[in-house]
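Subject: Structure for your review

Dear colleague,

Please find below the structure I promised to hand over, together with its sequence.

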Amino acid sequence: MTSLDLAAYDRDGFLVLERFLPAGDCDALQRRAAELVAGFRPGSARTIFAARDQAHARDRYFQESGAAIHFFFEEAASSEQNELALNKIGHALHDLDPVFDRISRQLRLARLAQALGFVQPLLLQSMYLFKQPRIGAEVGWHQDATYLYTRPPTVTAFWIALDDADRDNGCLLALSGAHHGPLRRRFHRAGDAMVTSELDATPWPAVEPLALEVPRGSLVVLHGLLPHASAANHSNRSRHAYALHLIDGQAVYDPDNWLQRPHLPLRGFD
Ligand code: FE2
């Protein structure tokens, strides 16, 4: 990464590093995700997601995923659908699975975090995103700091395309430069439940969304305050991606963040 890249990141709130991850690493992540899916026994999780009256169990399954490898289905998925209805796996793949651990903690990612100014990078959250052909749903406009909040905000995403990502299969969309605006909402714990609180009613700036079409292996750095989204997958191609979220250990991690790991301390790249 050059100083020019850093200037672009400060200006835009995102940075595209084309073909950053070698094809071998993309293959390894996809193969490992397929193995995890093959070994997944949907029993209880399926019940949780199929039934409408399971909000409590769903909340708990989600909350516990911060220190686990849990499987999440598409909102609209019916119980008859197969593994194609999986939306994602999360959120501690990088700590609990050796393949994800190795690839997440490679030196080039550590150097990237350092170049971005991280003093004490901590790997907080990982997600394997499926965005399955014809099934993968849209992800609405949001800022990642809504979900993973530190004071000051430090959350940063390394989003890695494991398939070519384009407009048809639901690539990332971003509001370039809008990370200079305020954090709008916080999603956080309130007792056992989770709530969304409005912090700032400023609307998203009226700029044309930018479609970040990237080839497989590309890494997109997303500033935690950058509004971004992705459309549904309208194509017959999958759009797998791996997203890793970092925070800086020098910032204060709020105790009411949804993701709490009392028995699994956060680690950096070592
Ligand atoms: Fe996001």
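The notes that follow go through the findings topic by topic.

Please bear in mind throughout that this is a predicted model.

**The iron site**

The iron ion has three protein donors: H142 through NE2, D144 through OD, and H228 through NE2. These donors lie 2.1 to 2.2 Å from the metal. Along the chain, they follow the spacing H-x1-D-x83-H. H142 has a relative accessibility of 14%, and because buried means under 20%, H142 is classed as buried. D144 falls under that cut-off as well, with a relative accessible area of 8%, and is therefore buried.

**Strand β4 and its partners**

Strand β4 comprises residues 121-129. The strand is mostly covered, with nine of its nine residues buried. β4 pairs with β3 in the antiparallel sense, over four bridges. Within this pairing, I89 stands opposite Y128 of β4. β4 is also joined to strand β14, which covers residues 241-248, by eight bridges, and these two strands run antiparallel. Here the bridge partner of L129 is A241 in β14.

How many bridges pair strand β9 with strand β10? There are six, and they join residues 185-190 of β9 to residues 193-198 of β10 in the antiparallel sense. A190 has A193 in β10 as its bridge partner. The two strands form a hairpin with two residues between them. In the turn, G191 has a positive phi of about 65 degrees.

**Backbone points to inspect**

Two cis peptide bonds deserve a look. One runs from G90 to H91, with omega near 5 degrees. H91 belongs to strand β3, which spans residues 86-91. The other cis bond leads from R151 to P152, with omega near -10 degrees. P152 sits in the loop between β6 (150-151) and β7 (156-161).

Positive phi values also occur in residues other than glycine, R19 and K131 being examples. For R19, phi is near 50 degrees. R19 is in the loop between β1 (14-17) and α2 (23-39). For K131, phi is near 40 degrees. K131 is in the loop between β4 and β5, the latter being residues 139-142.

K131, by contrast, counts as buried, at 6% relative accessibility.

**Cysteines**

A disulfide is a covalent bond between the sulfur atoms of two cysteines. The count of disulfides in this model comes to zero. C26 is in no disulfide, and the nearest cysteine sulfur to its own, that of C171, is 17 Å away. C171 is likewise in no disulfide, its nearest cysteine sulfur being that of C26 at 17 Å.

Which residues line the second largest pocket? The lining consists of Y9, L116, G117, F118, P153, T154, V155, T156, H223, G224 and D248. By residue class, the lining divides into five nonpolar, five polar and one charged.

**A residue in helix α2**

L29 is found in helix α2. L29 is buried, with a relative accessible area of 0%. Between L29 and G177 there are 31 Å in space, taken from C-alpha to C-alpha, and the two are 148 residues apart in sequence.

With kind regards

How values were computed
Residues numbered from 1 in each chain as written. Predicted model: local features only at pLDDT ≥ 70, side-chain atom pairs only at ≥ 80, totals over all residues. Heavy atoms only, no water. Donors = N, O, S within 2.8 Å, 3.2 Å for Na, K, Ca; no water. Buried < 20%, exposed > 50% of the residue type's maximum accessible area, 1.4 Å probe, protein only. Pairing = 2+ DSSP bridges. Disulfide = S-S within 2.5 Å. 1 Å grid on protein atoms, 1.4 Å probe; cavity = no way out; pocket = protein on both sides within 12 Å on 5 of 7 lines; lining within 4 Å. Nonpolar A, V, L, I, M, F, W, Y, C, P; charged D, E, K, R; others polar.
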